[in-house]
Every structure is written in structure tokens, then in C-alpha cells.
Amino acid sequence: MRQAMVAGNWKMHGLHARNEELLAALLPSLQALPDRDVEVVVCPPSIYLESVGRVLAALDGDIHLGAQNVCSQAGQGAYTGEVSVEMLRDVGCTHVILGHSERRTLFAETDEAVADKLRVALAAGLTPIVCVGEQLAEREAGETEAVVERQLTAVLAACPSDQLANMVLAYEPVWAIGTGLTATPDQAQEVHQFIRTRIARVDATMAGLVRILYGGSVKAANAKELFAMPDVDGGLIGGASLTTEFTAIVAAAGAH
Ligand code: PGA
């Protein structure tokens, strides 16, 4: 049985006062959810990891802290502007989003760069949330599976097979991110199943354990239907993670 996960990707949103306001509104409602069997992760911008982490630490590990990116080089070194896995651990991070489509398209992250980051994250004991997904033109050209297969092949090459279940995948069709267009539950399920089947070619047992999140305009109104699909194990939430709607999405994940 896979435990559901809902991760909130704040992207480049927030300021100290705004974060405090959001957490003050969000955390009590999350904690009040009855029998919540959902792993919840909050991923603020790196400069706010420590302050948000301090608030979450008071909840005794009930809600996890995640980063949105990490340097592919571990340790210390001359990498101006970068943050290492050790630094993420040092401020209390347990999770890290890797290969988000915004990093791939706006910051030219290649499949290989994502794979390098995955290696260091796993070695540091962080739980990577690795994003894959096709652009609209690729979907329209019938290339969805080929694109996801290519991205996944790099990921699987970087992940030792005994660590597959330590990784979380997120299928995020790029055309659904921040657009209000959501994949239908059937469209999501189709790709999630494809991903799980591809992982099963490496290790069938692990494929049954790996969690695959859906991301792309998940809202309280559509979360239930999406999370009801057999291979959808929760969500990676952008816009709706900046409001108390996030709690309703977590509740929807806990209902399965
Ligand atoms: P969205 O973003 O929920 O705002 O579409 C999802 C994501 O980019 O992770």
C-alpha cells in the first residue's frame, strides 16, 4: 500500500510576513484533518527554508520541508549561487523537487543535469520528487510517451534499483501547469500507468511501491477525481498550495 503524498510547490512566491500568514492559516486546518494518512510537504523558496522549517519543526515532523532545487555538486565549493544537499539537510529539509518543467525550460536543465541532482539527493538521504511531463506540442504530436520515456530513462539510470521506492515521481503535463487546464483523470492515469510499467521493467516490486504524483492545476474541485485513479498517489500543487485550498486537496488525498 502506497501512502499518499501532497507537496506544495510555492515557486517564487512569498515574503516573511506572507509566509507567516499562510502558515498560520494553513497549519491548524491541516492538523485538524481527521485520520490524515497523507505525507504532506511544503516547498518554499530556498531563502525561506530555514524560517518555514522552524515553524514546521514545532509540529514534530508532521509536515515535511522540501526544497525546489539543489546543486548537482555535493559538499562545499566554488559554485556561486548554488545550495548543496548538505545545506538543505542542515536547515531541516527532507525532500527536494527535481527537474520541474520550469527548471527544464527556463533554466535549461537537461535530463543529465536532473539525473546528477538525483544522485546527490539520494546519497544525502533526501526524498527526491522528480518531475516529468510533456509540452502541449508534444502531446498534440502524439509524443507524450516518448518524451516521458526519455526523461524517465535518465532518472532510472541515476537511481540504484534498491532505492527506487525512496524516490517520488511527479507527472506534470507542462500544458496543465498554472494554466487552469487539468489533465482528465483518464489522461493522468494513462501516463501514470505508463510510468509504473516502465519502472517495472527495472524492478516489479519497486514499481508497486514508487509513488507517482500528478501535478498541473490541481484544485480542491478536481483533486478527488484525480487521486481516485489507481496509479495516482497524490499531487504536486503549485498555485493552490498558496491558499487554504491546499488543506482540501490534502483531505482529498487522504480519502483514498
Ligand atoms: P500549478 O503548478 O498547480 O499551479 O499548475 C503545479 C506545479 O508546477 O508543480
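Two notes apply to every view. Numbering starts from 1 along each chain as its sequence is written, and side-chain values use heavy atoms, with hydrogens and water left out. As this is a predicted model, local features need pLDDT of at least 70 and side-chain atom pairs count only at pLDDT 80 or more, while totals for chains, interfaces and linings use all residues.

**Figure 1. The salt bridge between Lys11 and Glu102.** These two side chains meet at 2.9 Å, N to O. Glu102 sits in helix H4 and Lys11 in the loop between strand E1 (4-9) and helix H1 (16-31), so the pair ties together parts that are 91 residues apart in sequence. A salt bridge is a side-chain nitrogen of Lys or Arg within 4 Å of a carboxyl oxygen of Asp or Glu. Helices (H or I, at least four residues) and strands (E, at least two) are DSSP runs, numbered from the N terminus. Is Lys11 buried or exposed? Lys11 counts as buried because its relative accessibility is 18%. Glu102, at 26%, counts as partly exposed. The cut-offs are under 20% relative accessible area for buried, over 50% for exposed, and partly exposed in between (1.4 Å probe, protein chains only).

Figure 2. How many salt bridges does a search of the whole structure find? The search finds 14. One of them joins the side chains of Glu109 and Arg103, at 3.0 Å from N to O. Glu109 is buried, at 9% relative accessible area, whereas Arg103 is partly exposed, at 23%. Elsewhere, Arg2, Arg196, Asp231 and Asp233 are linked in a network of salt bridges.

**Figure 3. Helix H7 and its links.** Arg198 forms a salt bridge with Glu149, with the closest N and O atoms 3.0 Å apart. Arg198 lies in helix H8 (residues 185-200) and Glu149 in helix H7, so this pair ties together parts 49 residues apart in sequence. Arg198 is buried, at 10% relative accessibility. Glu149 is partly exposed, at 22%. The backbone oxygen of Glu149 also lies 2.7 Å from a polar atom of the side chain of Thr153. Thr153 belongs to helix H7 (residues 144-158) and is partly exposed, at 34%.

**Figure 4. The largest pocket.** This pocket has a volume of about 610 Å³. Its lining holds 21 residues, and Met12, Gln68, Asn69, Arg103 and Phe107 lie nearest its centre. Which helix gives the most to the lining? Helix H4 (residues 101-106) does, with three residues. The lining divides into eleven nonpolar, six polar and four charged residues. On a 1 Å grid over the protein atoms alone, a pocket is an open set of points where a 1.4 Å probe fits, with protein on both sides within 12 Å along at least five of seven lines; lining residues have an atom within 4 Å of a point.

Figure 5. Ser217 has a positive phi of about 55°, although it is not a glycine. Ser217 lies in the loop between strand E7 (211-215) and helix H10 (220-227), and is buried at 9% relative accessibility. Asp35 also has a positive phi, near 45°. Asp35 is found in the loop between H1 and strand E2 (38-43). Asp35 is exposed, with a relative accessible area of 76%. Ala240 lies in the loop between strand E8 (234-237) and helix H11 (245-254). Ala240 is buried, at 4%. The C-alpha atoms of Ala240 and Lys219 are separated by 6.2 Å, yet these residues are 21 apart along the chain.

Conventions:
Grid points are joined across faces, edges and corners, and a volume is the space filled by probe spheres set on the points. Ala, Val, Leu, Ile, Met, Phe, Trp, Tyr, Cys and Pro count as nonpolar, Asp, Glu, Lys and Arg as charged, and the others, Gly among them, as polar. A polar contact is a pair of N or O atoms within 3.5 Å; within protein, one must be able to donate a hydrogen and the other to accept it, and residues adjacent in sequence count only if both atoms are side-chain atoms.
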